[in-house]
Amino acid sequence: MELVGAPLEIQIDSVNAQISAAIQEYAPDAEVIQQTVFLKDYEDRKFCQQIWREYYGEKIPVNVYVPQAPCDGQLLAVEVLVLEPENSQVLHRSENLLAFKQDGVTFYFACEQEPEDYSRSMYAQSVGMFQGLEKSFKSRKIPFENVIRTWLYLGNITEPTYSELEGETQRYKELNRARTDFFRDIRFFDGVTKTPWTHEVYPASTGIGADGDTVVMSALAVQFDDPQNGVILPLENPQQTSAFCYGTEYSIKSPKFSRALLLASHDSGLIFVSGTASIIEQETWYQGDPEKQTEQTLNNIEVLINEQNLAAHGKPGFGCELSELVSMRVYVKRPEDYEKVRAVCERRLPNVPSIYTIADVCRPDLLVEIEGIADVGPSRNIERK
Ligand code: 3EB
């Protein structure tokens with residue numbers, strides 16, 4: 001629909017109508033439980049929330065607003081999570097936290113829309129945001145150990161800031177230092193599944209730019225009814241240095257995240273693919289070339305989720321191909337590269353539902369970052385054939 005230039009209220013109405021039509025067509029009983037809303041003007045979030053409160057009433061989805069303009073020129077783009085009531089139920093829904101259960105797994109999605117105080121240091125703001133997420137999870141007795149995926153949206157991501165430790169540094173580097181300190185005593189996934197970890201493991205993540213000096217964070221945690229049947233498997237890419245092993249030129253405290261993470265029970269699973277960029281080993285490739293960076297980024301995701309890598313990580317039968325992603329987000333640094341980046345993505349991943357937004361990537365030479373979710377496992381393969 002051509003809505004570029006239409007007022008916000010009209011665009012929200014159109015989004016609601018599109019969502020409702022899609023639900024009618026594919027899953028008439030399904031309910032919208034969470035929305036990630038990408039906004040051209042971050043100030044519009046209050047108005048959006050008001051409209052959705054009127055539209056959904058008590059059953060308003062848990063909305064997180066991301067200060068990134070949609071590439072197509074619209075005022076907003078919305079990624080929705082819907083739940084089909086037959087095999088699942090919502091357990092809790094508030095502004096900062098959603099809990100829902102599906103096939104013996106309870107999912108907890110928490111979001112922090114704003115730091116408490118923008119005048120504090122980047123480090124202090126970051127720690128405060130992680131603590132906010134932790135507090136939301138704790139309200140449902142879920143420790144941060146259960147977090148499998150984080151999204152860190154950071155305004156002025158490559159801009160300088162002052163650090164009491166390093167003096168002049170970069171905002172993203174200070175976020176990494178805060179994350180490292182916050183994660184220090186967290187033994188991820190310990191007790192969440194039956195596998196005891198003998199090496200360092202971290203959630204999958206996206207670290208990405210946003211407009212202005214905003215900081216927005218969200219995270220997904222899980223709990224299995226029966227930990228014996230649950231699998232949480234962080235995945236690394238054989239062609240990339242693990243982010244948590246990056247050299248100090250990128251940040252004195254390395255970024256603590258895994259390249260992807262498999263969440264599985266029985267014979268089905270989901271792979272959460274972290275924000276992925278045109279990095280080989282630990283170096284940026286194809287500086288200045290958005291098409292080649294997009295190709296390399298997709299190559300990286302391909303290698304990460306393929307059967308060979310899943311087998312190497314001990315889960316044969318859970319790999320998949322690029323075109324089998326069920327959703328993806330493409331963050332594009334320069335608006336003028338959008339068509340080129342999209343052409344590459346649509347050629348290699350036709351029919352994957354995607355959102356394209358404008359955002360800086362944490363290294364100035366990276367022009368694109370892509371994340372996604374894949375639906376995998378032997379049961380999925382049988383259905384597909
Ligand atoms: C990279 O590979 C690109 O800081 O959580 C990707 C995904 C990136 C997550 C994070 C950063 C993060 O280093 C940047």
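These questions and answers concern a predicted model of a protein with a ligand.

Visitor: How many helices and strands does the secondary structure of the protein come to?
Guide: The C-alpha atoms fill a box of roughly 50 × 50 × 45 Å along the principal axes. Within the protein, the secondary structure comes to eight helices and 19 strands.

Visitor: Why is the protein as compact as a globular protein of that length?
Guide: The globule rule gives 21 Å for 385 residues. The protein is close to that value and so is as compact as a globular protein of that length, its radius of gyration being 20 Å.

Visitor: Which pocket is the space taken by the ligand?
Guide: The ligand is surrounded by 13 residues, and Y172, R179, S205, Y246 and R259 are the closest. The space that the ligand takes is the second largest pocket.

Visitor: Which element gives the most to the shell around the ligand?
Guide: Helix 4 (171-183) and strand 10 (204-210) each supply at least two residues of the shell. The element that gives the most, with three residues, is strand 10.

Visitor: How many residues of the shell around the ligand are charged?
Guide: The shell divides into three classes, with six nonpolar residues and four polar ones. The charged residues number three.

Visitor: How much of the ligand's exposed area does the protein bury?
Guide: Oxygen atoms of the ligand have polar side-chain atoms at 2.6 Å in Y172 and at 2.8 Å in R259. For S205, a side-chain N or O atom is 2.7 Å from an oxygen atom of the ligand. Taken alone, the ligand exposes 360 Å², and the share of this that the protein buries is 99%.

Key:
Residues numbered from 1 in each chain as written. Predicted model: local features only at pLDDT ≥ 70, side-chain atom pairs only at ≥ 80, totals over all residues. Heavy atoms only, no water. Near = heavy atom within 4 Å. Polar contact = N/O pair within 3.5 Å; in protein donor to acceptor, adjacent residues only side chain to side chain. Areas by Shrake-Rupley, 256 points an atom, 1.4 Å probe, with all protein chains shown as cover. 1 Å grid on protein atoms, 1.4 Å probe; cavity = no way out; pocket = protein on both sides within 12 Å on 5 of 7 lines; lining within 4 Å. Sits in = over half its atoms within 2 Å of the grid points. Helix = DSSP H or I, 4+ residues; strand = E, 2+ residues; numbered from the N terminus. Nonpolar A, V, L, I, M, F, W, Y, C, P; charged D, E, K, R; others polar. Rg over C-alpha atoms; globule rule 2.2 N^0.38 Å.
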